[in-house]
Amino acid sequence: MNSAGNDIVALTAIDVDRTRRPKFYSRIISPAEQEFYSAQLSKLIPFEHFVWLAWSVKESAYKFLKRFDPELIFSPTKMAMDGLNFSGECFEGTVRSGDHVLFSKSFIRQDYIFSITNGEEDLSDIHCAIKKIGSSKPDDQSRAVRELLLRKLGHIFPESNLQIIKNPHGWPVIMREDEKLPIPVSFTHHGNFVAYTFQLSSASWKAHEEIL
Amino acid sequence: MTRQEILNELKGVVAPYTTNKEALNNLSDQTDLIADLKINSANLVDIIIDAEARYNIEIDYDSADKMLNVGSCIDVISEKLNQK
């Protein structure tokens, strides 16, 4: 499946006390996921980080799947994280939504949690970048993440006039002149953080380089 | 409560999570919480919980999933108030 999904949670923008209340976290994680945390992860990360990690994994999976089903509704407790392994650098696992199984990778840093998902276990074709900006206003976030992506794409497609537009369903589309580039991209922002993710295989990258 | 009364209360519920005051002052059934009010999706659970407290209702998970724009929020809140 050719798509992109990501999500960032600014840890400075979350309400830790509220996150720890059952009324709140039970709308994000299932009882099975709570048990998994207690048994496997409670010595590694605080509970509020787990809750927002689950949120970011599920939200990124939702964004990934919404391209195939624009009517899809985000319903965190109907998505299930099956296991989550800590590699020393990041958390890797799978997330189920209906009949779909996606692969996730999440990073917990001092100020944020960032997740990406993909339909295949190999995430080497996924490109992403995260930036801390000086504003948390939606317009500034939107502008900053687009600039960040265009700067990256400028290296891949030099001398191209690239633009980012929104399609009717709300996800970003990369345009080169009048041509829609077949590169799925996902944006995310929260608090002072913005990030992009796009999928581009090295093979298609070379093909584009040849066209250019 | 009438739909207008629910709407007036709803303004207070969503206000802490939006910086788009113009959209907040011009709420209609079609106003989308994320696209129009620019509410971060990470705050959607906050809005559900705040709405439960404000209207003294319980919003089940399936109903909460529908609360994506002002009209659907009012529909759900109205339904839950009528069930009390």
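What radius of gyration would a compact globule of 212 residues have, and what does chain A have? A compact globule of that length would have a radius of gyration near 17 Å, and chain A has 17 Å, which agrees; the radius is taken over C-alpha atoms, and the globule rule is 2.2 Å times the number of residues to the power 0.38. This is a predicted model, in which local features need pLDDT of at least 70 and side-chain atom pairs count only at pLDDT 80 or more, while totals for chains, interfaces and linings use all residues. Residues are numbered from 1 along each chain as its sequence is written, and chains are lettered from A and ligands numbered from 1 in the order in which they are written.

**Overall fold**
- Chain A has six helices and eleven strands, these being DSSP runs numbered from the N terminus (helices H or I, at least four residues; strands E, at least two).
- Along the principal axes, the C-alpha atoms of chain A fill a box of roughly 55 × 40 × 35 Å.
- Buried residues, meaning those with 20 or more other C-beta atoms within 10 Å of their own, C-beta atoms being placed from the backbone, make up 36% of the 212 residues in chain A.

**Helix H5**
- The 19 residues of H5 (residues 138-156) of chain A should span 27 Å at 1.5 Å a residue, and the end C-alpha atoms are 27 Å apart, which agrees; the expected span is 1.5 Å times one less than the number of residues.
- Gln141(A), Val145(A), Leu149(A) and Leu153(A) are the buried residues of H5(A).
- Seen down the axis of H5(A), these buried residues fall within an arc of 90°, so they line one face of the helix, the arc being that of the directions from the helix axis to the C-beta atoms.
- Asp139(A), Arg151(A), Gly154(A) and His155(A), on the other side of H5(A), are exposed (12 or fewer such C-beta atoms within 10 Å).
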